[in-house]
Amino acid sequence: MIDLTTLDKVKCYLETDETVEDPVLQDRITSVSHRIQNALGRDFERQTYVEIHHGQTRRLYPKNPPVTTITSI
């Protein structure tokens with residue numbers, strides 16, 4: 001599993017340059033990221049999937065969003 005944000009982004013949001021609490025913030029980022037991914041039942045790390053569409057509908061509903069690249073249809 002990956003962290004869903006970075007320490008730099010959190011510090012920018014908090015408008016701080018303080019480094020004393022960096023380990024605590026990083027631990028919380030990782031903890032919350034894991035909780036979110038577990039609650040949603042999926043891993044947001046970029047992966048490759050093969051999905052088959054049988055043509056019953058004109059729309060595609062991917063089982064593993066978000067889609068960043070489609071190789072072929």
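**Contacts, shape and exposure**

A: The charged end of arginine 42 sits over the ring of phenylalanine 44, at 4.5 Å from the ring's centre. Bear in mind that this is a predicted model.

Q: And how many aromatic pairs are there?

A: The count of aromatic pairs is zero. A pair would need two ring centres within 6.5 Å.

Q: OK, the fold. How many helices and strands does the chain have?

A: The chain has two helices and zero strands. Its radius of gyration is 18 Å, well over the 11 Å that the globule rule gives for 73 residues, so the chain is more spread out than a compact globule.

Q: What does the C-alpha trace span along its principal axes?

A: The C-alpha trace spans about 55 × 20 × 15 Å.

Q: And what share of the residues is buried?

A: Buried residues make up 10% of the 73 in the chain.

Q: Switching to pockets. How much space lies in the largest one?

A: The largest pocket holds about 940 Å³ of space. Its lining has 30 residues, and Tyr49, Glu51, Pro62, Val67 and Thr69 lie nearest its centre.

Q: How does that lining divide into nonpolar, polar and charged?

A: Twelve residues of the lining are nonpolar, eleven are polar and seven are charged.

Q: Let's take valine 67 from that list. Where in the chain is its place?

A: Valine 67 is in the segment after α2, the helix that covers 22-40. Its relative accessible area is 46%, so valine 67 counts as partly exposed; the exposed class begins over 50%.

Q: How far apart are valine 67 and isoleucine 52?

A: In sequence, valine 67 and isoleucine 52 are 15 residues apart, and in space their C-alpha atoms are 14 Å apart.

Q: Histidine 54 next: where is its place, and is it buried or exposed?

A: Histidine 54 is also in the segment after α2. With a relative accessible area of 62%, histidine 54 is exposed.

Q: And how far apart are histidine 54 and leucine 4?

A: Histidine 54 and leucine 4 are 50 residues apart in sequence, and 33 Å apart from C-alpha to C-alpha.

Q: Now the helix α2 itself. Where is arginine 28 found, and is it buried or exposed?

A: Arginine 28 is found in helix α2. Arginine 28 is exposed, with a relative accessible area of 58%.

Q: What about serine 31?

A: Serine 31 has its place in helix α2. Its relative accessible area is 32%, which makes serine 31 partly exposed. Serine 31 and arginine 59 are 28 residues apart in sequence and 36 Å apart in space, C-alpha to C-alpha.

Q: Last topic, the backbone. What is the phi of glutamate 15?

A: Glutamate 15 has a positive phi of about 55°, and it is not a glycine. Most residues other than glycine have a negative phi.

Q: Where is glutamate 15 found, and is it buried or exposed?

A: Glutamate 15 is found in the loop between α1, which covers 7-13, and α2. Its relative accessibility is 73%, so glutamate 15 counts as exposed.

Technical notes: Residues are numbered from 1 along each chain as its sequence is written. This is a predicted model: local features need pLDDT of at least 70, side-chain atom pairs count only at pLDDT 80 or more; totals for chains, interfaces and linings use all residues. Side-chain values use heavy atoms; hydrogens and water are left out. Rings of Phe, Tyr and Trp (its six-membered ring) pair if their centres lie within 6.5 Å; planes under 30 degrees apart count as stacked, over 60 as edge-to-face and the rest as tilted. A charge sits over a ring if NZ of Lys or CZ of Arg is within 6 Å of the ring centre and within 35 degrees of the ring normal. On a 1 Å grid over the protein atoms alone, a cavity is a set of points where a 1.4 Å probe fits but cannot get out, and a pocket is an open set with protein on both sides within 12 Å along at least five of seven lines; lining residues have an atom within 4 Å of a point. Grid points are joined across faces, edges and corners, and a volume is the space filled by probe spheres set on the points. Ala, Val, Leu, Ile, Met, Phe, Trp, Tyr, Cys and Pro count as nonpolar, Asp, Glu, Lys and Arg as charged, and the others, Gly among them, as polar. Helices (H or I, at least four residues) and strands (E, at least two) are DSSP runs, numbered from the N terminus. The radius of gyration is taken over C-alpha atoms; the globule rule is 2.2 Å times the number of residues to the power 0.38. Buried means under 20% relative accessible area, exposed over 50%, partly exposed in between (1.4 Å probe, protein chains only).
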